[in-house]
Each structure stands twice: as C-alpha cells, then as structure tokens.
Amino acid sequence: MAPETAPKRVCIVGAGASGMSAAYALSLHPDRFQVTVYDKESVAGGMATSIDVDAAKYGASYINDGVQGCSPVFANTMRMFRMLGFEPTEVGMQISFGKGEDFWTNVFPTELTSKFQADIAKFGRALSVIKTLEPIFAVMPVHAMLKIFNFSTDFGEKMVYPLVALFFGTGNQTPYISCAILERVFKDPSMRLFEYDEKSLLASIPTMLAFPKLHDVYDAWKSEISSRGNVTFKLHHEVLEVVSRDARGKSSISSPIEIKYKVTHGGLETHHKTAAFDDLILAVDADTALKLLGHQATWMEKKVLGSVKYLYDVTITHSDLDYMKKYYETEYDPSHNAPLSSSMSAAERKEREDAFAFASEHFRPLYYTMQYPEDKSKIEMSFDLTHYQPQFRGEKPAGPIDPHDTSAHRNECMPLPDATRAAQDAAKGHIGAEARTGTDPAGKAEPPLEKHVFQTIFLDRDGSQKLWTWGDINPEKKIYEKWWKQQSHRWQHYARVVPWMMFLNGKQHTYFAGAWSVLNMHELAVTSGFAAAYRLGAEYPFHGDEDCERLFRMYLAMSHGQRMRKEDRKGIFA
C-alpha cells in the first residue's frame with residue numbers, strides 16, 4: 001500500500017481580501033493543504049476595516065472605512081458575503097461633481113452637461129473604438145486619448161478627469177491612467193461600475209451596493225476558514241523576510257520556503273522566529289512583497305514589482321457640513337438646471353422637467369469630487385457616509401438578510417459563525433436611533449444633514465499636498481484621520497506590470513495575490529486569491545457559477561498565463 005502524501009504546507013502573508021480568499025479555497029481541502037496565514041494586524045480585512053463612532057451623536061455605532069461598497073456585477077465578492085450570512089444594501093449612486101459653474105451630476109441635467117453635449121456623444125463612440133483596439137489603448141494615457149479624439153480641454157478637465165478620479169482615486173495621476181481600463185469600467189460585464197449615457201455621460205443613478213459591517217464579515221470569514229482545521233491564523237505576526245525559496249543545500253530544512261517573523265502585541269515583540277513551508281502566497285502590496293523577498297528577489301521580480309507605483313493619501317472622517325458646502329454642491333439648486341430650449345421636443349422637455357422635479361425632492365449625493373482651481377487636473381474626493389451606509393437608517397450590521405433565507409447561497413456556511421449570528425441581530429439596528437431626527441425620501445428615519453458623517457480624501461501627498469484644503473476642516477468636527485498607501489493606475493502599470501505577472505506566478509514556489517496585479521477593486525482581490533490557490537491545486541470554489549467564473553477565467557489567464565484545468569472547462573474555447 002503506497003504511503004499517503006503529506007499535506008502541502010502553504011504560507012500566506014496577508015489577511016486582506018486576497019489572502020482570505022486563498023485561505024478559504026485551500027481550507028476546502030483539509031487532507032491536501034496545511035495553511036498558515038500571517039498578518040501583522042490584530043484583525044483580518046486589510047483595507048476593508050470598520051471603526052467605531054459615537055452612536056448617540058451620529059446615528060450609528062460604526063462606519064466602514066476604506067472600502068465602502070461595490071458594483072452589483074462583483075459576483076465573487078457578493079457570493080462569498082452571502083454564504084457567510086451577510087447582504088449588501090442597494091443604494092442609488094448619486095454623484096456631485098465640481099462646484100458653481102463647474103458643477104454637474106448624474107441626477108439631473110446641468111448647464112455644464114448641455115455645454116458639452118457634443119463631447120459626451122463623442123465619448124461613447126471613443127469607448128467603442130478603445131474596446132475594439134484595446135491592446136493599443138491599454139498603454140495609452142487618458143490625456144493622450146482626449147487629444148487623439150479631439151475632445152475639448154474643458155471637457156477633459158471638468159468631466160473626464162473627475163470621473164476617472166472617482167473610479168480610481170488617482171489625484172494628480174488622473175491624466176495618466178490607461179484609457180483601456182477606463183473603457184472596462186463602462187463596458188466589461190465583470191468590472192463595470194457605470195453605464196454610459198449619450199446625453200449625461202453617466203446613466204442616471206445606477207444601483208450600487210453598500211457593504212455590511214466589514215469587521216464582522218471578515219471575522220465570520222476567518223471563523224469559517226478555520227472551521228475545517230487545516231488553516232491557522234497568526235494575527236499580530238509580522239513576516240520580516242523570506243529567507244529562502246530553495247531547499248537545495250539545506251541540512252535541516254527540507255521545505256523550499258523559509259520565512260522569518262516576529263510577534264507584536266501591546267507594544268511588545270518577540271525575538272525573530274523562523275518557519276518552513278512548501279509554497280508561498282504573498283497576498284500583500286507589491287512594495288511589501290519586494291521588501292520581504294529582499295535578496296531572494298529575481299531580476300524580473302525586481303523589475304515588475306518595482307514598476308508598481310504607490311501614492312500616499314489621507315482620509316479625514318468628519319462632520320463639518322460648512323466645509324462640505326464650501327467646496328461641494330450638497331443640495332439641489334435650481335440655478336444649475338440645464339436650459340429648456342424651444343427646439344426641444346415635448347418628450348425631451350418633459351424628461352428634463354421630470355429630472356428637475358425628482359432632484360428637488362431626492363438629490364442626496366453619495367460621492368463628491370472637487371477640482372483645485374490652481375490645477376484642474378488635480379482632484380479631491382468626499383463621501384457622505386450617512387447617505388451611503390445603511391446602518392444610519394437602522395440596518396443591522398449583517399445587512400438586509402433574513403437569517404432563514406437560503407436562496408442564492410445565502411447563509412450557506414453552516415453552522416453560521418458566531419460573528420454572523422451577532423451581526424444578524426435586528427436589535428443592533430436600533431443603536432443610535434435617538435439621533436435619527438431627519439428622514440430620507442422614503443420616509444425612513446436618518447440623521448439630519450448637519451449631523452452627517454463625511455469622509456474627505458486628500459490624494460497624492462507628494463504631488464498635491466500644497467493644494468490640499470484639509471486645514472479648512474473644523475478640528476472639533478474631525479472624527480478620525482487615516483493615511484493610506486494607494487496604487488496608481490497610470491498607463492505604465494499596464495505596460496510594465498500586468499502583462500508580466502504570468503511570468504512571476506509559480507516560480508520558486510511563490511505566488512502573488514492582490515488587486516494591484518490588475519486594478520484596485522475588492523472583486524479582483526478576491527479573484528486573485530482564488531487564482532493563487534487554484535494554481536496550488538485547490539478547486540475554484542464557485543465552479544459552475546458563470547457570473548463568478550467569468551472574471552476568474554480572465555484573471556487566471558491574465559496573471560497566471562493559465563486556462564482552467566481540463567476537467568473544469570466547458571467548450572473548446574473555455
């Protein structure tokens with residue numbers, strides 16, 4: 001009788017969306033994989049964090065910080081959340097771009113959208129050309145595309161650049177974003193964020209999804225992954241170095257991977273320790289991966305990972321309505337209405353008048369952008385978290401899910417984790433109810449505008465800080481300040497990084513996972529983790545679900561140069 005093969009020992013560095021997805025896929029094979037997940041933080045989630053706020057003052061006890069929500073087409077993210085017993089909340093994606101004469105919105109036609117009607121119509125044709133010739137446009141920046149298609153300078157500065165900044169949070173890098181990626185967020189069925197409209201640029205108020213409480217989602221996910229006994233989480237454990245990726249010449253360690261780490265907690269830390277594994281998944285940003293590899297990094301890893309550019313941004317969470325009114329259009333003002341021309345048909349006139357009437361009662365932006373007068377290619381962004389996040393209207397942390405609903409994979413992870421059961425407690429939606437003295441358009445209680453919680457993001461410290469208006473936020477109304485390391489989506493990323501990841505993944509027992517490998521979206525982070533686990537021999541967890549699998553196949557081909565295994569494919573071109 002042949003001896004049983006020992007489980008493959010896998011080290012995952014990073015417990016964000018990509019690391020958790022890899023760990024989940026591997027956990028489904030307890031006989032084949034023994035997994036250890038390291039993260040220096042005390043909780044899983046990476047950038048998907050939640051922070052506590054004063055419920056009596058703001059009408060809710062927490063906010064999601066860093067990651068707010070997603071498009072309904074993010075199928076892998078939504079299926080995972082629903083399986084764990086969490087549900088996103090639908091929300092109308094209203095946006096307020098600019099201020100004064102530069103103001104426009106997707107809620108009603110403004111003077112600015114009327115001014116740029118010809119450019120807006122041309123933009124749709126340009127997107128079709130970019131889609132047809134995507135390999136060429138993938139390495140062309142947005143500013144060059146605008147010149148090639150002869151768009152006006154004002155259209156680029158007042159409509160396209162704010163739109164790009166909204167998608168990617170790119171600050172002064174906005175003109176240098178790959179225009180092929182811009183096309184994908186309009187047209188790709190797995191990545192689409194908005195619908196194009198030939199009259200207003202953005203289709204009126206698309207439905208977006210606001211995430212449930214992310215701290216609880218990731219806590220439940222961690223419990224589910226751990227439940228099969230083959231995955232160990234080592235939080236407060238910071239990996240310092242990949243010591244080796246080759247077993248040859250070692251006398252005491254037979255495994256190729258050796259790491260060095262330390263345990264940090266409460267301001268204390270241990271001496272450095274080592275651990276050995278068979279394979280390594282680096283579910284961290286490219287800079288961190290390169291730092292951990294150190295002298296172990298190959299020439300190509302240094303070249304590709306070193307080409308990922310990061311910017312440093314700061315998010316200030318606050319309740320300063322005066323600041324918001326100074327720099328953004330926060331309420332409907334009929335003086336911004338587009339003119340009613342005598343040449344309009346009766347149907348067009350009625351459509352426009354209906355939009356004005358709707359805005360007068362229902363204008364409640366979630367997103368804001370503002371261009372700095374000194375340089376209109378540089379952007380500041382804000383969110384109205386009270387409008388965006390459903391807990392301010394009494395939703396429970398798990399979102400609008402029935403604990404007994406098992407349709408569409410809901411509540412599938414049985415028994416449900418303790419974190420899920422606690423988050424599904426409807427009584428938690430009442431926390432902060434005394435502060436909800438206003439109402440939304442549907443008549444549901446919410447805090448009045450002067451008690452709203454906002455987040456303002458000041459982008460690109462090194463390139464734009466001299467323009468920042470952060471000093472105008474009332475210090476007494478600041479709630480929280482957090483610095484972020486944000487990937488740049490400049491066109492060079494799609495020339496020097498994305499096409500070359502397939503030549504790094506799988507070499508020297510090492511796999512890279514993270515949204516940075518393509519585009520900074522939670523959905524791509526999840527997919528990248530599944531792909532790394534798949535390369536190690538795990539099954540794709542959502543095999544047969546075409547909505548989920550479509551993006552997985554694309555990512556596997558793009559970042560790993562692989563098709564799905566023969567037994568997983570359907571059709572000759574799958």
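Tutor: Start with one residue. At 3% relative accessibility, N411 counts as buried, because the cut-off for buried is under 20%. Keep in mind that this is a predicted model.

Student: Where is N411 found?

Tutor: N411 sits in the loop between helix 15 and helix 16. Now look at its backbone. Most residues other than glycine have a negative phi. N411 has a positive phi, near 55 degrees.

Student: Which value does phi of D460 have?

Tutor: Phi of D460 is near 60 degrees, again a positive value in a residue other than glycine. D460 lies in the loop between strand 23 (454–458) and helix 17 (461–464). At 4% relative accessibility, D460 is buried.

Student: What kind of peptide bond joins M414 and P415?

Tutor: The general idea comes first. Most peptide bonds are trans. The bond between M414 and P415 is cis, with omega about -5 degrees. P415 is in the loop between helix 15 and helix 16 (418–423).

Student: Now the sheet. How do I read the strand order?

Tutor: Strands of a sheet pair through backbone hydrogen bonds, either parallel or antiparallel. Here five strands form an open sheet in the order 12-2-1-17-25, and the pairing is parallel. Strand 12 (231–235) and strand 25 (510–512) stand at the edges. Each has a single partner strand, so one side of each is left without a neighbour in the sheet. From one strand to the next, the twist averages 15 degrees.

Student: What packs on the sheet?

Tutor: Helix 1 (residues 17–27) does. This helix touches strand 1, strand 2 (33–39), strand 12 and strand 17. Its direction makes about 160 degrees with that of strand 1.

Student: How many bridges link strand 1 and strand 17?

Tutor: Four bridges, in the parallel sense, link strand 1 (residues 8–13) and strand 17 (residues 279–282). V10 has D279 of strand 17 as its bridge partner. Strand 2 and strand 12 pair over five bridges, also parallel. There, D39 stands opposite L235 in strand 12.

Student: Which residues of strand 12 are on its covered face?

Tutor: V231, F233 and L235 make up the covered face. T232 and K234 are on the uncovered one.

Student: How do I read a nonpolar core?

Tutor: The largest nonpolar core has 124 residues. Those with the most contacts inside it are I12, L26, F123, V142, M145 and I281. Take M145. Leaving aside its neighbours within four places in sequence, M145 is in contact with F123, I130, F137, M140, F151, C179 and L182.

Student: At what angle do helix 5 and helix 9 pack?

Tutor: Helix 5 (residues 117–132) and helix 9 (residues 179–187) pack at about 110 degrees, with their axes 9 Å apart. That makes helix 5 roughly perpendicular to helix 9. The residues in contact include F123 and L127 of helix 5, and C179 and L182 of helix 9.

Student: One last residue. Is H387 buried or exposed?

Tutor: H387 is buried, because its relative accessible area is 7%. H387 is found in helix 15 (residues 385–388). Its side chain reaches the backbone oxygen of P365 at 2.9 Å. Beyond its neighbours within four places in sequence, H387 has contacts that include V91, R364, E446 and H452.

How values were computed:
Residues numbered from 1 in each chain as written. Predicted model: local features only at pLDDT ≥ 70, side-chain atom pairs only at ≥ 80, totals over all residues. Heavy atoms only, no water. Pairing = 2+ DSSP bridges. Helix = DSSP H or I, 4+ residues; strand = E, 2+ residues; numbered from the N terminus. Axes fitted to C-alpha atoms, helices over the stretch in contact; angles between N-to-C directions. Contact = heavy atoms within 4.5 Å. Core = buried A, V, L, I, M, F, W, Y, C linked by side-chain atoms within 4.5 Å. Buried < 20%, exposed > 50% of the residue type's maximum accessible area, 1.4 Å probe, protein only. Polar contact = N/O pair within 3.5 Å; in protein donor to acceptor, adjacent residues only side chain to side chain. Parallel < 35°, antiparallel > 145°, perpendicular 65-115°, else oblique.
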